[in-house]
Amino acid sequence: MVSRLAGKVVIVSGAARGMGARHAERLIGEGAQVVIGDVLAEEGRAMAERLGPACRYVDLDVTDPEAWSQAVELAVTTYGGLHGLVNNAGICIFQEIEDYTLEQWDREIAVNLTGTFNGIKASLPALKEGGGGSIVNVSSVGGIQGNAAVPGYTASKFGVRGLTKAVALSLGRWNIRCNSVHPGFVETPMTASVTNPAPRATTRTGTPDDISNIVLYLLSDESEYATGAEFVIDGGTLAGILPKPVAVPSGSV
């Protein structure tokens, strides 16, 4: 069986742990060579060592354009090119709007939205040089509907959704696709302290594997006709409002 990403080189941000780490594992398992970037240097280096020669770690503060340039350079010089980008890095600050500070706003927008922009800008020359590729921006269900107590997160994830569409329209001429992924509640270190996930149609919470399956598809040639689209993986959270259980009268059909 031919690996689905054989010959492809991908950068994944925020990949020292959680969803990003699982994305990297899955992509390498399908034949890709992956550069993982993060600010968690110790965990990132350990992850790269565990994943072997198909993986390299780079210190990556996504708010720093120069750090992004170094990540792209590492991918090109080590593996010979760049074919995919997964903008996975993100933070979530829980705070009601009346107590949410400008400093918190600036930080959340810088990481979640500007960090995505920086990754796209830095990757473009290498993607063009390679004849095209796929950009996957990890947004959230919070980028489709509003959520209380996370004003900056919601705004930034809506922004990622809109940026994705603009980029897809601009870069199609170079055979570069761009799509956004919108996870619901997923069990990761970032959500470990969250005890009240949104109601959903399924009976379980999401796992990083659920999201990695979609990321893999979007990076592969199987999705070559998909661009500027939203891929929601939320267990039915956005499908509608779950009713309370209704007692069925005995003897009814």
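Let us start with Lys 165 and Glu 230, whose side chains meet in a salt bridge with an N to O distance of 3.2 Å. This pair links distant parts of the chain, since Lys 165 sits in helix α5 (residues 151-171) and Glu 230 in strand β7, 65 residues apart. Lys 165 is partly exposed at 32% relative accessibility, and Glu 230 is partly exposed too, with a relative accessible area of 29%. As you explore, please keep in mind that this is a predicted model.

A search of the whole structure finds eight salt bridges. Another of them joins Asp 221 to Lys 8, with the closest N and O atoms 3.2 Å apart. Asp 221 lies in the loop between α6 and β7 (230-233), while Lys 8 belongs to the segment before β1 (9-13), so this pair ties together parts that are 213 residues apart in sequence.

Now for a contact of another kind. Thr 205 is found in the loop between β6 (176-183) and α6 (208-219). With a relative accessible area of 16%, Thr 205 is buried, because that value falls under the 20% cut-off. The side chain of Thr 205 is joined to that of Glu 187 by a polar contact of 2.6 Å.

Finally, let us visit the surface. Where do negative charges gather in a patch there? The patch is made up of Asp 61, Asp 64, Glu 66 and Glu 73. To place one of its members, follow the chain to the loop between β3 (55-59) and α3 (65-79), where Asp 64 lies. Asp 64 is partly exposed, with a relative accessible area of 32%.

Methods. Residues numbered from 1 in each chain as written. Predicted model: local features only at pLDDT ≥ 70, side-chain atom pairs only at ≥ 80, totals over all residues. Heavy atoms only, no water. Patch = residues over 30% accessible without salt bridge, like charges linked within 9 Å, V, L, I, M, F, W, Y side chains within 5 Å. Areas by Shrake-Rupley, 256 points an atom, 1.4 Å probe, with all protein chains shown as cover. Salt bridge = Lys/Arg side-chain N within 4 Å of Asp/Glu carboxyl O. Lys, Arg positive; Asp, Glu negative; His and termini not counted. Charge placed at Lys NZ, Arg CZ, Asp CG, Glu CD. Helix = DSSP H or I, 4+ residues; strand = E, 2+ residues; numbered from the N terminus. Buried < 20%, exposed > 50% of the residue type's maximum accessible area, 1.4 Å probe, protein only. Polar contact = N/O pair within 3.5 Å; in protein donor to acceptor, adjacent residues only side chain to side chain.
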